[in-house]
Amino acid sequence: MSVAEGEPAAGAPAVGSSVLLEAERRTTGRGARRRHAPRPGGAPGERRWLAWLFLLPAIVMLGAILLYPLIYSIVRSLFSDTPTGAVRSFVGLHNYGAIFTDSRSLQAVKNNVYWIVVVPTLITIVGLIFAVLTERIRWSAVFKTVLFMPMAISALASGITFSLIYADQPTRGLGNAVAIGIHDTFSSSHPYPSVHPRDTAVFGGSPKAGYTTHQSYPAGSPVLLPVVGLNLTHPPSSTAQATAPTSGTGISGVVWNDFRLGGGGKPGAVDLGERGLGGMPVQAVQNGKVVASTTSASNGQFSFPSLNSGSYQLRLPSSAFGQPFNGYSWLGASLITPAIMVVYLWIYAGFAMVLIAAGMAAIPRDALEAARVDGATEWQVFRRITAPLLAPVLVVVFVTLAINVLKVFDVVYVLQQVAGGSAGVADVLAVTLFRDFGNQQYGLASAIGVLLVLLVVPAMILNIRRFRRDQT
Amino acid sequence: MNRRRISLTAVAAITAVTAAACGGSSSGSSASKSTPSSGSSTAALGHFNGASFTILGQWTGAEQTAFQSVINGFDKLTGATGQYSAAAGGDEASVLGAKVNGGNPPDVAFVSLPGALQQYAKAGKLIALNSAAQQAVSTNYSTEWVTLGSYNGKLYGVPFDASNKSTVWYNTKLFSNAGISGTPTDWTSFMKDAQTLHDSGVSTPISVGGGDGWTLTDWFENVYLRTAGTAMYDKLTQHQIKWTDPSVTKALTTLKQVWGNHNLIGSPSSALKVPFTGSVDNTFKANPSSGIVYEASFVATTITGDKLPAKVGDTAKFFPFPSVDGSQPTLEAAGDFAVAFSNKPVVQAFLQYVASPAAAKLLVSATGSGFISANKNLPNTAYPDATLAALAQQLVSVGDNFRFDMSDQAPAAFGGTPNKGEWADLQSFLGNGNVSAAQQKLEHDAAAAYGG
């Protein structure tokens, strides 16, 4: 049943502009014709004049801030710019080509594709799950309110909130505090992350492979294993003044930080003020095989009393080195786009849920009950009854999200501010538009704007068609 | 890149439109108060009792106070009234652009981009300096500054404040912990001292603020100035040579000796997360993780502004950017130029005054503003502390052997935008160390921004 039939246009609910337009079309068209039949009251011409009068402000507004800018943008997009934003020359479609040839704006196009492929589907699914589940619990209104609440927060505030969650330092970022907490529960940390050999004279290797001496040492002679890089201003409690080794049975030696506060020690010799590295694992290696392991004392001394014959290389294994796990770089190059999508999901999942839940409430109960009486499982009821009856609502949610996602700007822009050098990886078209506009590159910015409009048009057409179908 | 332009250019572009719309009616109203002051120095400038003019700048806070004292000095001498307003949103380039395009320019503007000065001069928007003002500029500033303020042989801009962008700041405590006496003067010893810092337990000896692309352009410009020389620097600035030029290869390769060394700057992906202020914090906070940070003279203001425990001139000191392969002392500078958009006589007198050592003295002597001046007739004793005096001394003593910030002279789309152009390309280079790929991208972006 159409809103416009019989009733004047004022009865149309403010659902959306397309509904209003539809109502308007019918009033002035078919509906109006019917009212040509003689009736008491004003002449039809007068009413039409009045209608235009009332419409005039809207038409002027639309013309001034929608039509004119749109046409001007299309025209402007065909011209190139001087550095100060004046028109340089007519370039045809060159600005459009530039969007797809420049690697950075191409990245933005790609990101828009990722967004449109992943986000509307994901949010619709999550919204559907929430809607189905909230129907089955008590206090569902409370649950729905909480889920819907992110919609009431400005995207700017949401972005800032998540910029704190995604901060790198675990002391500030919730994401990494959790990640590190979980990680450190399952693996131990390295005692000397920043310690390394001063040069390549004694050791070869890397923090990942451990450091192995070039030389093999025979039993009886004390071995000096100098390393550097200990934090001298806050040395760990496992370290103490190093003691030069004395010769004894087997292989013995000292592993110490060959650098004292203020400098000045003799390289390769144990000096006063240089600290032994206690708790350092030391391995004796023969022919590439680890034959014995020990751990140093806090003055750096270690010994293998049982290795009395032959000569051995010594290795400081990788377990002692390597940086501790610092969490994930949420806003680094590889995770930034998914991380921002999560924020968007957080904002819009509640919106999708509310719309879908409203659609579910409209499904006739008797159909569901009939199916259950016939012995259908809950899953079958959902698959065969709920889902098909809900399809129109799901389409509305999906298309609305698709339009929003194509134009996504705010959350991306805000999170880019804290992402540092990897921020550009997350660019979307709206962000590049804004940036080019800021650089007074109006031709390029206009081209991006027109492209965005073109991308949104199919979704709009789909929506308008659906509205029309609903009304007939 | 000028520190003040790190604010979001685009946001300011929006506010610029608003500012242009509401900034129209400020001039010409308050022309009644000041009385003429007696004194011999007014003779040179003339008397402008009751005359009023508008000034657009980007200074706020302590800097605004210092600049206001210069205006007051002029007002007192001539009886005129200078009305200063700071650009909304801090992005003066956009605000000024909107005002000029809207036909409502200020009488005087302070621009930090010589490129903008030349654009406006080319478009016929600027009034050239009269002979008295020209005379004042050429007596007080070296030829290179005069060239920067000129277009087509005519002088339009008066150099005012300056920043010294060839200063490497270091934490003296960490240097003495590591037993480093003295400061490095060449690239090799710079790297050696940084390695020594690393061995002494400083995890990332040099904090590179790669989160802000402009810090990287400053690194590059300093190295390029030293490996390629001033003549090539000028060519690259004008994009007369391509970024694929071998001289750029050499500079990037030199830069990579530091940027590619994890012992010196830590992991590049971490460095890319550190903004400029973060890199200063890393070096001068309570438990510093870095001992060295390169950036301009305004690091000093950042240390005091961020209330870091280090004391400028005591535990936070600077040394000149090290020479590369025996290069002569040279310097990268930046600064603001006063330009006239109106032909009121009082404006010419003001520009003449701005060029004088008296105005420079008023500007720099205010405590906390951190201003320095390249005015060569300004005595060093005018500065409130020794560090500022040393920074200025370095700036003046190089004479003409300095160059203005290259990215500040490039179109904003190349040299002045986050996540775009040179900023983004050097960030990629910091991340991956690929010299030839970086050069290709830089050339591609430069070609697009400089236009045909």
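A salt bridge here is a side-chain nitrogen of Lys or Arg within 4 Å of a carboxyl oxygen of Asp or Glu. The model is predicted, so local features need pLDDT of at least 70 and side-chain atom pairs count only at pLDDT 80 or more, while totals for chains, interfaces and linings use all residues. Residues are numbered from 1 along each chain as its sequence is written, chains are lettered from A in the order in which they are written, and side-chain values use heavy atoms, with hydrogens and water left out.

**Exercise 1.** Find the salt-bridge partner of D425(B) and the count between the chains.

*Solution.* Start at D425(B): its partner is R104(A), with the closest N and O atoms 2.8 Å apart. Then widen the view to chain B and chain A, where the count is 4 salt bridges.

**Exercise 2.** Describe the side of chain B that touches chain A.

*Solution.* Begin with contacts (heavy atoms within 4.5 Å): 39 residues of chain B meet 40 residues of chain A. Next, take the buried area (accessible area, 1.4 Å probe, lost when two parts are put together, summed over both). This comes to about 2,900 Å², with 51% from carbon and sulfur atoms. D199(B), K273(B) and N419(B) supply 23% of the area that chain B buries against chain A, more than any other three residues.

**Exercise 3.** Work out how much of chain B is buried.

*Solution.* Apply the cut-off for buried, under 20% relative accessible area with a 1.4 Å probe, protein chains only. Of the 452 residues of chain B, 58% pass.

Note on methods. Ala, Val, Leu, Ile, Met, Phe, Trp, Tyr, Cys and Pro count as nonpolar, Asp, Glu, Lys and Arg as charged, and the others, Gly among them, as polar. Buried means under 20% relative accessible area, exposed over 50%, partly exposed in between (1.4 Å probe, protein chains only).
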